[in-house]
Amino acid sequence: MDLSIFIQTVTSGVLLGGLYGLIALGMTLIFGVMRIINLAHGEFLMIGMYVSYILFTKFGVDPYVSIVVSVPLLFVIGIAIQRFLLMPLIKAKAPGENQILMTAGIGLVLTNAALLIFSPNYFTVLTTYSNATASIGKISVSLPLLWDFLICFGITGILYLFIMKTDTGCSIRAVAQNIDSARLMGINIDRIMIITFGVGAALVGAAGTLLMPIFYVFPAIGELFTLKAFIVTVLGGMGSALGALVGGVTLGVVEQMGATYISMALKDALGFVIFVLVLIFRPSGLVGKSRF
Amino acid sequence: MLSVKCLNVFYGDAQALWDVSFEVPEKKLVTIIGSNGAGKSTLLKAISNLLVSRSGEIQIQGHVTTGLAAHHVAELGVAHVPEGRQLFPLMTVMENLRIGSVLPEAKAKREETLREVFDLFPVLGERQSQMANTLSGGEQQMLAIGRGLMLRPKLLLLDEPSLGLAPMLVSQIFEVIKEINSRGITVLLVEQNVQRSLEMADEGFVLENGRITMSGSGQELLVNEHIKTAYLGL
């Protein structure tokens, strides 16, 4: 076995895994507080991607710059969905499954809206650095992928500070850990849930924008990434932020290994194999309970 | 401070509280005693609006709170220290205390209150950065009370603070409750430790099967024949 190929594979797996981690971070945050899986998560990613695509093709905005549009936009969309579509279900004391079904419905609407607006075609953005690579010895990595990884790191760091150091962040963790006690502290649960859904959507919106320079966008891309986000969330331990990152990197590396050593066509299947193995041997996830 | 009138609370179809009425005067220490399942915790949850009451009226400092969201009750200066502590397990002692003071008024005085709480419970000061779920039972109870105090409450609801603690710790907790009350905070104490709580209470109410069956000053109840046989085992 050629060592440099192995290192190359692991490196790109880790870099890609950072992006997977960011996608799952929003899902795990929402799960931690609301105890529901957001099945429209991949569709939020799709919105982030289309935002970058439009800004690039119509206004020549660099995909990395468009993050300043996609993040606030998805934050507002997330807030609106929680406030006007999910909150009424909570108020009516409907079971959690109904909320999950609602998110699935939102996902379908978004996918078909994209189909109507953008046609089923695949779009990419071609920038001057799209194919640029950075090399260290025999290892070469895609430059946009490397930047993505570093930006993911930065965003995760900001989220960490927000969750750990601000009163609102602490309140989010409090609601996740003991909702009745949080109420007794005077925390407005509804407000925290709205903010959490907004932040979760904003995170995946950022991930969509970061994905655009290295991937292509089409209306049905959402399902693929909802599934990946779900796998990563479960791999890491539902509701754990650190777990999302560990799970993301695990999935990234496994997929790249599969593509290199087994077959390109089987790389997604291998992700599921790991998923099932983790569920069998470590049902609480790789990291398990953590502070978020 | 607190007045409860004809309160009826249900769990589904099962009625847990029947026409409960009582008052807690300002700055007093009032205790509600009763056996397991009498509805003591239910009553406190109804006061802090964790539970919705079917009928009746609760007033806190003249504000009708029935029907408000629980966090609005906390805004009126009610801190409820629930049974079983209900801490935020994966947060540090410091973070638990911080969460206790997220409301604007409490936040403005966070540092000051924090000093008071550490003064009352020095052990919490020593364990600031320890996770709540790694504390001993007694320390957890102290943290739960401390977290309640961080709200700078006018009314403190304490649900079985001595439950499951070693006798020495029980004494310590009761001393602290007395101290808190002497600082001008009204206390409504729910206890199974009837002897201790009646000894220090200004007033006591007996809750049996969801109904208030008896009331009087702490001393009066202590010498009551029914209380003696039913609760003190004398």
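1. Let's start with a helix resting on a sheet. In chain B, helix α1 (residues 40-47) lies across strands β1, β2 and β4 (55-60), and it runs at about 115° to β1(B). Keep in mind as you look around that this is a predicted model.

2. Next, look at the sheet itself. It is an open sheet of 4 strands in chain B, with the order β2-β1-β4-β5 and antiparallel pairing. Which strands are the edge strands? They are β2 and β5 (63-64) of chain B, each of which pairs on one side only.

3. How many bridges join strand β1 (residues 2-11) of chain B to β2(B)? There are 7, and the two strands run antiparallel. To find the place by eye, look for B:Leu2, which stands opposite B:Val24 in β2(B).

4. Over all chains, the structure holds 14 aromatic pairs. One of them joins B:Phe22 and B:Phe205: the ring centres are 5.2 Å apart and the planes stand at 55°, so this pair is tilted. B:Phe22 belongs to strand β2 (residues 14-24) of chain B and B:Phe205 to strand β9 (residues 203-208) of chain B, so the pair ties together parts that are 183 residues apart in sequence.

5. Are these two residues buried or exposed? B:Phe22 has 4% relative accessibility and therefore counts as buried, since the cut-off is under 20%. B:Phe205, at 7% relative accessibility, also counts as buried.

6. Back in chain B, two arginines are worth a look for their places over rings. The charged end of B:Arg211 sits over the ring of B:Trp18, at 4.4 Å from its centre. B:Arg147 lies over the face of B:Phe88, 4.9 Å from the ring centre.

7. Finally, step back to the domains. The domain assignment of chain B gives domain 1 (1-77 + 154-166 + 186-234) and domain 2 (86-152). How far apart do the C-alpha centres of these domains lie? The distance between the centres is 25 Å. Their contact takes 9 residues from domain 1 of chain B and 8 residues from domain 2 of chain B.

Conventions. Residues numbered from 1 in each chain as written. Chains lettered and ligands numbered in written order. Predicted model: local features only at pLDDT ≥ 70, side-chain atom pairs only at ≥ 80, totals over all residues. Heavy atoms only, no water. Phe/Tyr/Trp six-rings, centres within 6.5 Å; stacked < 30°, edge-to-face > 60°. Buried < 20%, exposed > 50% of the residue type's maximum accessible area, 1.4 Å probe, protein only. Lys NZ or Arg CZ within 6 Å of the ring centre and 35° of its normal. Pairing = 2+ DSSP bridges. Contact = heavy atoms within 4.5 Å. Axes fitted to C-alpha atoms, helices over the stretch in contact; angles between N-to-C directions. Domains from an automatic or database assignment.
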